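Me: Before I set anything up with this model, could you walk me through it?

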Amino acid sequence: MKRKIGLVTAAAAVTLLIVYLAETRNGYFDSKVYYGAIQYWFRGDGGMVYDWLRPGTPYGFTYPPFAGLVMAPMAFLPFGLVVVVAIVATVLTTALLTWWFAGPLIRRRGWPVWFAYALAVCLAISFEPVRETITFGQVNTLLLTLVAGDLLLGLSRGRKWAGVGIGLATAIKLTPGIFIVYLLVTRRWRAAATASGTAAGATLLAAAIFPDESREFWTSALWDTNRVGVLSFLSNQSERGFLARLPIPQVESRVWIVCVLLTLAFWAWRVARVPDDIMGGLALTGIVGCLVSPVTWIHHCVWLLPAIVRCVDAGLAGTGRRPLHPGPLYLGVAAYLLMTSRLTWLWEKRPRPPLELIGGNLYVWFSLALLIWTPIGTRRSADVHEPDKILT
């Protein structure tokens, strides 16, 4: 027992150090953008939230007005408290997601639950997209929790409210809308209607309260890519970011459209074949959302966590010491280690072609590999993650 406590303490200390080092780089940058925009909107001279830009930068509020409505308490709280709330919320949602995703593996392997779970939470928080979410002050794990809870606790159990979480996440930030497409592809008509209705209702509510801001967002701010940064920046690990870093400016947008269509077609083919594997659908849809979005910063890649856990889970299926299915296990472990290592950032300021094509796009390559090889719909993937065995 003392040894286990010592290992958990050491893992927690290393995790805190890793997060601290990330904070010194990022300094809650995104939270400062949210805070400044909301303060300006509610307590300024009557300007719109999309008018405000962080001084000295082109960065402003990029979310729909409903997200601003949700963040309205920022207008009346000190920034330090906003940061504390954001950190606590990210850590708690990460812990909950870890239980949902890794809990079945821990119980099946017969590991001491408290010990294995504590180490798994440390690993999850150390994962670069999660620690970047913490230190940028982002909302990624909150959105993932809304979607994952909706699918694993609502859809898989036939709840009438299934789709509400996806709809709310979509109204806050448009990219989770890919999960509405997932519901349509897998013929979950009721859940798709619920998700679409929830997203539309929340959007219309915000439009009724803030008509000018809604008009500005849907007609202008949404399409202004300068507000979110340069597409070719290394942190943009989407297919669009990958292509933007290539010397093909004349055909880049057309090639991107072709890549998006092919990626979506392959994803739809995989998930449509096994509609009952909801955890697998969550994993693959999270991946495809990162790939096809025009901008997928590294901290957005928390959506890859379900696929990584699924690969490890499937690889360790069985009760013996040796993995039954080493391929998925190796893929999951390699994806986690290389994405956590910050190896990609070696190419941020010192391009080294042709290795830059690989190293500078590690998240893109692993996202594609996970999309292709994450096990879904097989006996092993069904056995290792039965939704009715996920504790709530």
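**Burial, cores and confidence**

Reply: Val85 is partly exposed, with a relative accessible area of 47% (buried is under 20%, exposed over 50%, partly exposed in between, using a 1.4 Å probe and protein chains only). This is a predicted model, in which local features need pLDDT of at least 70, side-chain atom pairs count only at pLDDT 80 or more, and totals for chains, interfaces and linings use all residues. Residues are numbered from 1 along each chain as its sequence is written, and side-chain values use heavy atoms, leaving out hydrogens and water.

Me: Which helix has Val85 in it?
Reply: Val85 belongs to H4, residues 79-109 (helices are DSSP runs of H or I, at least four residues, numbered from the N terminus).

Me: And which residues touch the most others in the largest nonpolar core?
Reply: That core has 91 residues, and Phe61, Phe101, Leu151, Leu183 and Leu282 touch the most other members (buried Ala, Val, Leu, Ile, Met, Phe, Trp, Tyr and Cys, joined through side-chain atoms within 4.5 Å). Helix H14, residues 278-292, gives the most to this core, namely 10 residues. There is also a second, separate core of five residues, among them Val19, Ala95, Val121 and Ile134.

Me: Is H15 mostly covered or open?
Reply: Mostly covered, since 11 of the 11 residues in H15 (305-315) are buried, including Arg310 and Asp313.

Me: New topic: what's the average pLDDT?
Reply: The chain averages 91, and 93% of the residues score at least 70 (pLDDT is the predictor's confidence in each residue, from 0 to 100).

Me: Where does pLDDT stay under 50?
Reply: Over residues 379-392, for which the model has 37 contacts beyond four places in sequence (heavy atoms within 4.5 Å). Where pLDDT is low, the predicted coordinates should not be read in detail.

Conventions
Helices (H or I, at least four residues) and strands (E, at least two) are DSSP runs, numbered from the N terminus.
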